Amino acid sequence: MGRLNLSPKVLDVLDFGTPSAERDISRGLEKCFVESAAYQRVRSGAKTILMGNRGSGKSAIFQVLAKRERAAGSHVIELSPEDYSYELLSSTLESEEAGSWAKQGAYAAAWKYLIYILVMKALARKGMRLTKNGGREIHRYLRDNHSVHAMGTLSLLISYLKRLEAIKIGPVEAGLRTRELDRLYKLEEIHNLLDPLRRVLDGQRVVVLVDELDRGWDSSEDAKAFVSGLFQACVSINALHPNLRVYISLRQELYDDIPSLYEDAQKHRDLLERIHWTEDTLLELIAKRIRYSAHEKGFDIDTLERAGDAACWAAVFPGVPGRSSLDSFRYIVDRTLYRPREIIQYCSEALDLARGRHRRLPVPYAVIERCEFAYSAERAKDIAAEYRFQYPGLFQVFEAFRGRPAALDRDQVEMICLELATGEIPTRGTESWLPHCDPDELIEILWRTGLLSAQTIGGNGFLGSHQAQHLNLDSAQRFRIHPMFHTCLGVVPEKERGAV
Ligand SMILES: Nc1ncnc2c1ncn2[C@@H]1O[C@H](COP(=O)(O)OP(=O)(O)O)[C@@H](O)[C@H]1O
Ligand SMILES: [Mg+2]
């Protein structure tokens, strides 16, 4: 590995990015973007449902995709939380109990209606190229139905739902009800426009991106029907034409929180892309950002490219005293659940601390240790917050591991789990789930949420849920509290990996 020396002036501009891709996109995200195989599959349209945990890079993929599609002349429609409000939906619509609503189907129809209208509007906006190839019908329909009071996105969706609601639970005669519902479900109002739309799409491409569905998530009946209806609509619309692609991103917990969505997703597993990171790709991500910043300060790009990822790291962060420089990277990456936002957060904090005290690169090793506590405490809280609907009070369950040794035998973990379930270790706010958990179930939850990694029979290391999607946890005899939680919970650490 070659050495790379960076002057202290790079320290002034060095920027690992903001915690979210929406803000990163104007700060060079595209140039620092790690183009994974997952991105390629999404870009090609083979995968349209993007799944990943918070901070794993869902928005980054969508942001870069949007930018590149726009550059290639496609129409891009981005829907984000300003366009949906779960609270408004719940307060506007009658509840399922008020009649035989079958909300998911209603939402699916409303979503299809909304997305088709948005797509047609986007196509109509650009220079009226629609007039050829049967675009005239589309134009006429939009002019007659959607021009005067251009409704906001959510209003358009709600208006369609309201039409369904009126028939479903309003005073409508039974025979008429079936006919009317059939018309609404089949989108009769725009059905005859789908052929012309196909013809227009032969020459133009439209990409619809629905991101951040979890923001404002309240786990309500409407929120669930909203998301599972969108999923169905997405699958159906994507069958219309290869030049029309609807993409949605889903956070893992959201998906686990909606049983009907889970079932649908099983049927359409081939469309699902799960985001995964490894140590190597996370190192690549940081190295790209170091190169980008150094280049901004006039460093020759070829020299930077020639220096491998490890050399870029070593130019900024030192090794553990007396050991390889990559050990400091491993130290940090071991304290993550392999999500870019975490490594960016840790590195940025180290850098901020270094800037305040020293003016040299690489930064002193001590800063890496010094920012660990704040990082650890924040991550533990964030993880608990991430699961607040499924496992309220999870942080208190984490607290039961305070002061314990980092590695525990199965018996010890089972005992803690039992004490938690029976209330012998008291917790607050966990009544809805914790008392019903047997030790195996609680172990599974703690493994899934990241607190524990497990060593299975025959396996040599400990694996967390960020490293292995499935693990036979029943056969695990030893567990380890993830180092990310150590300083926050005052866990007694074992020897670091590779330590002599
Ligand atoms: N493939 C990638 N290449 C470069 N940076 C990335 C990549 N994926 C994510 N990031 C960065 O990681 C952080 C978190 O990503 P983000 O897309 O906001 O996560 P999510 O939307 O899944 O919560 C952002 O700063 C983003 O720019
Ligand atoms: Mg996001």
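Start by selecting Lys58 and ligand 1: a polar side-chain atom of Lys58 lies 2.8 Å from an oxygen atom of the ligand. That pair is a polar contact, meaning N or O atoms within 3.5 Å of each other (within protein, one must be able to donate a hydrogen and the other to accept it, and residues adjacent in sequence count only if both atoms are side-chain atoms).

Now show the surface of ligand 1. On its own the ligand exposes 560 Å², and the protein buries 97% of that; these areas come from the Shrake-Rupley method with a 1.4 Å probe, and for residues only the protein chains shown count as cover.

A word on the model before you go on: it is predicted, so local features need pLDDT of at least 70 and side-chain atom pairs count only at pLDDT 80 or more, while totals for chains, interfaces and linings use all residues. Residues are numbered from 1 along each chain as its sequence is written, chains are lettered from A and ligands numbered from 1 in the order in which they are written, and side-chain values use heavy atoms, with hydrogens and water left out.

Next, select the shell around ligand 1, taking each residue with a heavy atom within 4 Å of it. There are 24 residues, of which Thr18, Asp24, Gly55, Ser59 and Ala60 come nearest. Colour them by class and you will find 11 nonpolar, 7 polar and 6 charged. Here Ala, Val, Leu, Ile, Met, Phe, Trp, Tyr, Cys and Pro count as nonpolar, Asp, Glu, Lys and Arg as charged, and the others, Gly among them, as polar.

Then colour by domain, with bounds from an automatic or database domain assignment. Ligand 1 lies between domain 1 (9–16 + 284–370) and domain 2 (37–274), because both give residues to its shell.

Which protein atoms are the donors of the magnesium ion, ligand 2? Select Ser59 (OG) and Glu212 (OE), which lie 1.9 to 2.1 Å from the ion. Donors are N, O and S atoms within 2.8 Å of the metal (3.2 Å for Na, K and Ca), and water is not among the atoms, so sites may look incomplete. Ser59 is in helix 5 and Glu212 in the loop between strand 3 (206–210) and helix 13 (221–237), 153 residues apart. Helices (H or I, at least four residues) and strands (E, at least two) are DSSP runs, numbered from the N terminus.

Buried means under 20% relative accessible area, exposed over 50%, and partly exposed in between (1.4 Å probe, protein chains only). While you are at Glu212, check its backbone: phi is positive, about 60°, although the residue is not a glycine.

Leu187 is another non-glycine residue with a positive phi, near 55°. Find Leu187 in the loop between helix 10 (174–185) and helix 11 (188–191); it is buried, at 5%.

Move on to Glu284 in helix 16, partly exposed at 25%. Glu284 and Cys32 are 252 residues apart in sequence, yet their C-alpha atoms are 9.3 Å apart.

Finish at Leu361 and Pro362, joined by a cis peptide bond with omega about -10°. Pro362 is in the loop between helix 20 and helix 21 (366–370).
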